[in-house]
Structures are given as structure tokens and as C-alpha cells.
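Let's take a walk through this one together. Have the model open and follow along as we go.

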Amino acid sequence: MLDMLFGGDAFQAVTAALNAAALRQQVIANNLANVNTPGYKRQAVSFESALQSALEIRHTPFAALDPHPISSIQPIVYTVNTTTDRTDGNNVDPESESVALAMNAIRYDALATAVSLQFTNLKTVINGR
């Protein structure tokens, strides 16, 4: 019942994506902080493909068989072990990380706005205006 007040799957998907964006911001900041650490391998966050798969399952006849609600989908932090041209073994590219940081900030703002609008709409319904 409470899930329906907050938009059901849509609300869960947006809040899960918001949490993933917050984690991604921390991971990117950590990468930038370690740009000069010898041997450091950059980390990244995987989330969107798992969310997309879960949402696609919701629109099939097998949706009732899916034991994993959207709220259970969690972002995964993984290490990128690609080789690098740097002699110290570090594979962090500060320019790429800075672009990713800016893109993620825009994504986070958009998701936060979507959550805020859902609460504004709920408040409007409650107040009758």
C-alpha cells in the first residue's frame, strides 16, 4: 500500500538510481584523490544495466516469478584492471574522471528533482490543492 503512494516501481527505481549516483560520486572522488598513487587501479560502479533488466522483467508475463524487487538491486563497485601507459601502474585518467564526475552530478540532480516532484505531488494530493 505504501509503495503505491510513492509510485511503486517508478519511485523505487528512481531512489535506487539516486543511491547509485551518490555511491558513484564517492568512487569517482576516490579515483581522483588517488591519481598520483603508484599502482592504484581506478574503480567504477555498475548499476544501470541491472536496473534496466529488472524493469524489463516487470513488463513480461514472468514478472510474478521474479523474486527480486527493484528495491533489492544494489550498485556494485568494481576495480578496473586495464593496463596503463603510466610507468607507476596507475590507470586513473584525471580528465575522464572529471568528466564522469560532472556527468554524474547532473544525473544526481535530475534524480533528486524527480524524487522531490513525487513528494510534491503527494503533498498536493494530501492537501487537496
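Let's begin with F11, which is buried, with a relative accessible area of 14%. Its cover falls under the 20% limit for calling a residue buried. Keep in mind that you are looking at a predicted model.

What does F11 pair with? It forms an aromatic pair with F119, and the arrangement is edge-to-face: the centres are 5.7 Å apart, with 90° between the planes. Those two values are given because a pair of aromatic rings is described by the distance of the centres and the angle of the planes. A search of the whole structure turns up one aromatic pair. The pair bridges distant parts of the chain, since F11 sits in helix α2 and F119 in helix α4, 108 residues apart.

Now zoom out for a moment. The chain holds four helices and two strands, and from the N terminus on they run α-α-β-α-β-α. Of its 129 residues, 26% count as buried. Take the contacts with a separation of 6 or more: 76% of them are between residues 24 or more positions apart.

Next, the inside. In soluble globular proteins, nonpolar side chains tend to be buried together. Here, the largest nonpolar core has 14 residues, and those with the most contacts inside it are A17, F47, L51, I70, I73 and L111. Two or more residues each come from α2, α3 (48–57) and α4 (94–127), with α2 giving the most, seven residues. For a closer look, pick F47: leaving aside its neighbours within four places in sequence, F47 is in contact with A16, A17, A20, R24, I73, Q74 and P75.

One last stop is Y40, in the loop between α2 (9–33) and β1 (43–46). Is Y40 buried or exposed? Y40 is buried, with a relative accessible area of 13%. Beyond its neighbours within four places in sequence, Y40 is in contact with N30, N31, N34, G89, N90, N91 and V92. With N31, there is a polar contact of 2.8 Å between the side chains. As for G89, it lies 49 residues from Y40 along the chain, yet their C-alpha atoms are separated by 6.9 Å.

How values were computed: Residues numbered from 1 in each chain as written. Predicted model: local features only at pLDDT ≥ 70, side-chain atom pairs only at ≥ 80, totals over all residues. Heavy atoms only, no water. Buried < 20%, exposed > 50% of the residue type's maximum accessible area, 1.4 Å probe, protein only. Contact = heavy atoms within 4.5 Å. Polar contact = N/O pair within 3.5 Å; in protein donor to acceptor, adjacent residues only side chain to side chain. Core = buried A, V, L, I, M, F, W, Y, C linked by side-chain atoms within 4.5 Å. Phe/Tyr/Trp six-rings, centres within 6.5 Å; stacked < 30°, edge-to-face > 60°.
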